[in-house]
Protein chains: 2
Amino acid sequence: VVLVGGGPGDPGLLTVAGLGAIREADVVVADRLAPLAVLEQVRPGTEIIDVAKIPRGEFTPQEEINRLLIAHAAAGKCVVRLKGGDNFVFGRGGEEWQACAAAGIDVQVVPGVSAALAGPALAGIPVTHRSLNQGFSVVTGHVPPGDPRSTVDWSALARSGTALIVLMGVANLAAIAQALIAGGLDPSTPAATVSNAGYPGQRSVRASVADIAAVTAAAGLTAPAVTVIGSVAGFDPLAPQ
Amino acid sequence: VVLVGGGPGDPGLLTVAGLGAIREADVVVADRLAPLAVLEQVRPGTEIIDVAKIPRGEFTPQEEINRLLIAHAAAGKCVVRLKGGDNFVFGRGGEEWQACAAAGIDVQVVPGVSAALAGPALAGIPVTHRSLNQGFSVVTGHVPPGDPRSTVDWSALARSGTALIVLMGVANLAAIAQALIAGGLDPSTPAATVSNAGYPGQRSVRASVADIAAVTAAAGLTAPAVTVIGSVAGFDPLAPQ
């Protein structure tokens, strides 16, 4: 099984090795966020399994995806697991790797361009800029601050000095911004939300962290989206250097 | 000017769009860490400028690189700026963008696979794993903790709940580990250093955060290297799920 990171959406942001693996595959197991246009490049006879669409509702349970990967690989097929972004950035690549390893199936990894970094870049925001920051933090916004399931200390992140990049956070953006401001982040800190990065429908908005949730909602930006909070979100290539 | 992220070293980890830009280029301005093997694919007559090797010592000053990009673009040439990893992850892409914009030169961005994420992946370490963490922080270790130039709060990072990924940190690894432990990080937290990720000479070591600096040094691992500190650094695909 080859775990291939498909990049943020634009088929051109797939890697050369990833495209090669897809062209050699007998079976491609793909997600909703994978760059589906590249699937036109498979060789004749390749089976494409869209795990966003097979039965049991919108999402295929992870156990069923693991089972599919193992069954096809055990049958001697060359299997590509194609995800959007990178398989190890909230992509469950580790879980699939463990499941394959437990079944005695070899796994190869082809890293992809993560939307966490490329999304901001495609909207004109460098995740690091020498005069502004010495690091960035990428966190899922799927679990809101204060939720018992949360293992992220948003208050510590607010004081970390890093730019914050929130994935899957549109629904919880107001709570996240509030937690960061409560943790000491200046409410006027620049922020930006980019939706559909790398797709033709890419859109972005900028505002202060205090306003970014309202501005994102008012603009109608929805998932998939990435929000950047920090001075780099105010980056302007035309600003004086 | 097209800012192309070359990925962590393996030419296969360049993106399809990045390779296309290199094949179309009149001039390629490349770094020491760019995947130089792909430069064999330029068309005849393309000028390749290795800015790691032109005069004034080991490094070309950024101002000189900016000047080269602008001069060639202003002369009507199609210029590719090829970096290792991604141009916006400690790659000065923003500075080059601003310099070009100030000179009236259009800039296109082709994000690359960052070694910060791919380095760990290629050594078997997912930067996120659902049962272990909900985020990660990428920081430069070039400026040590406590240095007046540092804008990173290492103590806050220690408490953030994110896995830490340190780039350019081999020389300062002992000081970084000490700052994290002083900030509350459990000294037995798993850690790993990966050097030359994506290159044939890739090597990695694992240890606790308390021991990782000594183990990295004893193994003779040198830059370019990435160190991961957090439970994901103990990831084992063969562990029970």
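Strand β2 (residues 27-30) of chain A runs parallel to strand β3 (residues 47-50) of chain A, and 4 bridges join the two. Strands here are DSSP runs of E at least two residues long, helices are runs of H or I of at least four, and both are numbered from the N terminus. Two strands pair if DSSP finds at least two bridges between them. One such bridge links A:Val27 to its partner A:Glu47 in β3(A).

Keep in mind as you look that this is a predicted model, in which local features need pLDDT of at least 70, side-chain atom pairs count only at pLDDT 80 or more, and totals for chains, interfaces and linings use all residues. Residues are numbered from 1 along each chain as its sequence is written, chains are lettered from A and ligands numbered from 1 in the order in which they are written, and side-chain values use heavy atoms, with hydrogens and water left out. Chain A averages a pLDDT of 94, and 96% of the residues score at least 70; pLDDT is the predictor's confidence in each residue, from 0 to 100. The model scores ipTM 0.96 and pTM 0.96.

Back at β2(A), another parallel pairing, again with 4 bridges, joins β2(A) to strand β4 (residues 79-83) of chain A. There A:Ala30 stands opposite A:Leu82. In a regular strand the side chains alternate between the two faces of the sheet. In β2(A), both faces are covered: A:Val27 and A:Val29 on one side, and A:Val28 and A:Ala30 on the other, are all buried. Buried means under 20% relative accessible area, exposed over 50%, and partly exposed in between, with a 1.4 Å probe and protein chains only.

Now step back to see the whole sheet: 5 strands of chain A form an open, parallel sheet in the order β3-β2-β4-β1-β5. Because β3 and β5 (108-110) of chain A each have a single partner strand, one side of each is left without a neighbour in the sheet. Neighbouring strands of this sheet are turned by 20 degrees against each other on average, direction ignored. Helix α2 (residues 62-74) of chain A lies across β2, β3 and β4 of chain A, at about 150 degrees to β4(A). Contact means heavy atoms within 4.5 Å. Axes are lines fitted to C-alpha atoms, for helices over the stretch in contact, and angles run from 0 to 180 degrees between N-to-C directions.

Strand β6 (residues 135-140) of chain A and strand β6 (residues 135-140) of chain B pair in the antiparallel sense over 5 bridges, with A:Phe136 opposite B:Val138.

How do the copies meet? They meet through the same surface, because 100% of the interface residues of chain B are also interface residues in chain A.
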